Structure formats: C-alpha cells, structure tokens
Amino acid sequence: MYTFKGSYVALVTPFNENGSVNFKKLEELCEFQIQNGTDGIVVLGTTGESSTMSHEEDEDVVRCAMSAVAGRVPIVAGSGSNSTETALMKSVAYDKLGVDALLLITPYYNKANQTGMIRHFTDVADRVSAPIIAYNVPGRTGCALSVKSVETLSRHKNIVGIKEASGDMSFVMDISHLASEEFAIISGNDDITLPMMAAGGTGVISVLANICPRETSDLVHAFLDGNIAKSREIQLKYLKLIHALFSDVNPIPVKEAMNLMGMNVGGFRMPLCEMEPEKKAALENVLKSYSLV
C-alpha cells in the first residue's frame with residue numbers, strides 16, 4: 001500500500017536556452033532534493049509546466065527522474081488532462097514506467113459536473129496499478145471537487161489521497177474525517193501546510209521545497225513528530241518567502257528565484273514569461289532577507 005507522508009517537492013522542469021528540457025539539470029535537482037531531506041519528488045505537476053510539454057517530453061522527464069532517484073524516494077508523476085482518454089493514456093504510460101503514484105488533476109476548462117469528475121478519476125483508477133492522488137485546485141481549473149465527491153473517491157481502493165489546493169480551510173475541515181492510513185489529505189498550499197496538518201493532513205506537495213527543501217522537510221516532520229511549536233516557528237518564519245514565491249503565476253517566481261540563487265534552471269514555456277522588473281527586484285530583496293542570494 002502506498003502511504004503518502006512527509007515533504008514532497010513539486011519539482012520545476014529545467015529548460016536549456018533553446019527551450020528543450022535540460023535533463024542533466026533535472027538529475028542535479030533530484031539529487032539536491034534527496035540530499036536535503038525531501039521525502040518524494042513530484043514531476044509534471046503545475047510547477048513542472050507539463051501543460052506546455054509534449055507527451056514524449058513528459059515520458060522522458062519521468063524516465064530521467066526515475067533513473068536519477070533510483071528508488072531512493074518515491075516518484076509521483078502528474079498524468080492529468082481535461083480529456084479523460086488523454087489522462088488514461090498518460091497514466092497507463094507512467095504506470096508501465098514504474099512510478100510510485102500518479103497525480104491526477106480535475107478536468108480543467110471542460111468544468112465537468114460532479115458525476116463527470118468522479119467518472120474521470122475512477123475510469124483511470126480502474127485501469128492502472130499505480131495509486132492515484134486526486135488534485136483539487138479550482139483556482140487553476142475552474143472546477144472543484146465537492147465534499148461528497150471526495151468521500152466517493154476515497155472509497156476507491158486505488159485512490160489513496162487528495163492534494164488539496166483550494167486554499168479553503170473550511171473545505172479541508174469538511175473532508176478531514178476522511179484522513180486515514182488509506183487516504184491522505186495533502187497540502188497543496190505552502191502557506192497553510194501547518195493548519196492542514198492540524199486538520200489531519202500528512203504532508204505537503206511543495207513549491208517552496210524547490211529552494212528550501214530542508215526547511216520544508218523540517219516543518220512537516222516537526223509536526224509529525226509532535227513538535228508543534230517548532231513546526232509553527234518554521235511555517236511563520238518562511239511565510240514572507242512563500243508569499244513572494246506566489247507573487248506571480250506559479251512557477252514563474254520560483255524559477256526566477258532558483259536562477260537568482262545560481263541554480264540555472266532556465267526560462268519558461270510560453271505563455272509563461274519572465275517577471276516584470278519591479279516584481280523580480282522585490283523577489284530578490286526577499287531572497288536576500290533569507291540569505292538565499
């Protein structure tokens with residue numbers, strides 16, 4: 001049984017100057033995460049810009065990450081789409097590659113009703129052996145899972161959790177009764193990792209961890225170890241940085257931050273583009289205040 005627990009990084013996809021995937025850098029980023037306490041690596045999520053990449057590139061990213069990690073931590077691959085058939089195709093492909101879990105987003109743009117969304121997830125879950133984490137992020141997709149739908153999905157033997165990124169703590173509380181060893185509630189928002197864990201969550205899929213993997217891991221594991229005061233201290237200490245990492249459309253600020261820190265992850269796939277100079281200067285000032293540049 002796959003049990004989600006700890007700090008997982010929502011890894012960026014590094015690009016070369018010509019816009020191609022920088023696989024050497026991807027290997028380096030995976031190693032950096034493992035050496036700094038990250039419990040698992042999520043590729044091809046929102047932060048990984050998979051929506052602008054080809055299916056072939058996506059599979060190559062999964063292969064590269066799996067080779068670099070070599071089983072030391074779990075690999076979760078984003079296999080979602082607004083087309084159920086496409087999501088199924090990608091999920092089957094990554095399942096065959098041997099990923100530890102799949103991250104499946106709600107069907108964006110189409111804005112399916114609750115019945116359609118339940119069928120979307122279950123149709124995939126019925127056809128793969130890799131466990132599935134549902135991804136609820138209405139700010140990106142224009143649709144949201146209801147409490148009743150999450151309850152329904154949680155009863156499927158192959159749907160093992162939800163990455164909850166609505167930012168709605170009331171919703172989190174409404175689904176908190178589902179939290180168990182069989183079904184994980186995972187924070188998708190760095191700014192409320194601690195409150196979500198207090199409501200029964202077991203960890204985070206983190207953007208912050210791209211630049212502060214050790215600190216993110218310490219925050220999560222302090223809570224899991226019962227040291228709530230330490231966890232709260234870390235959450236509050238890095239709140240200003242977290243806000244700066246979402247001062248523009250994700251993953252623009254975190255990639256800008258990584259480049260400012262000398263991590264050289266390259267640019268973006270259009271329509272994403274560089275930050276405006278004023279915003280970039282403000283981000284750099286925040287990084288300086290944390291001694292990251």
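# A guided reading of the predicted model

His221 is partly exposed, with a relative accessible area of 27%. This residue belongs to helix α9, and the model in which it is seen here is a predicted one. Leaving out residues up to four places away in sequence, His221 touches Gly6 and Asp39. Its distance from Ala165 can be stated in two ways: His221 and Ala165 are 56 residues apart along the sequence, and 20 Å separate them in space, C-alpha to C-alpha.

Within α10, which covers residues 228-237, Ser231, Ile234 and Gln235 are buried. Viewed down the axis of α10, its buried residues fall within an arc of 100°, so they line one face of the helix. The face of α10 turned away from the buried side carries the exposed residues Glu233, Leu236 and Lys237.

The relative accessible area of Ser79 is 0%, and because buried means under 20%, Ser79 is counted as buried. Which residues surround Ser79? Apart from its neighbours within four places in sequence, Ser79 is in contact with Ala87, Lys90, Ser91, Tyr94, Leu102, Leu103 and Leu104. With one of these, Ser91, there is also a polar contact, made between the two side chains at 2.8 Å.

The text now turns to charged side chains. The model has a count of 9 salt bridges. One of the salt bridges joins the side chains of Lys24 and Glu28, with 2.9 Å from N to O. Both residues lie in helix α1 (residues 23-35), 4 residues apart, which is about one turn of the helix. Lys24 is exposed, at a relative accessible area of 57%, whereas Glu28 is partly exposed, at 34%.

Another salt bridge links Arg269 with Glu57, their closest N and O atoms being 2.7 Å apart. Arg269 lies in the loop between α12 (252-260) and α13 (277-289), and Glu57 lies in helix α2 (residues 55-69), so this pair ties together parts that are 212 residues apart in sequence. Arg269 counts as buried, with a relative accessibility of 14%.

The side chains of Glu256 and Lys280 meet in a salt bridge, at 3.6 Å from N to O. Because Glu256 lies in helix α12 and Lys280 in helix α13, the pair ties together parts that are 24 residues apart in sequence. Glu256 is buried, with a relative accessible area of 5%, while Lys280 is partly exposed, at 32% relative accessibility.

Technical notes: Residues are numbered from 1 along each chain as its sequence is written. This is a predicted model: local features need pLDDT of at least 70, side-chain atom pairs count only at pLDDT 80 or more; totals for chains, interfaces and linings use all residues. Side-chain values use heavy atoms; hydrogens and water are left out. Buried means under 20% relative accessible area, exposed over 50%, partly exposed in between (1.4 Å probe, protein chains only). A polar contact is a pair of N or O atoms within 3.5 Å; within protein, one must be able to donate a hydrogen and the other to accept it, and residues adjacent in sequence count only if both atoms are side-chain atoms. Contact means heavy atoms within 4.5 Å. A salt bridge is a side-chain nitrogen of Lys or Arg within 4 Å of a carboxyl oxygen of Asp or Glu. Helices (H or I, at least four residues) and strands (E, at least two) are DSSP runs, numbered from the N terminus. The arc is that of the directions from the helix axis to the C-beta atoms.
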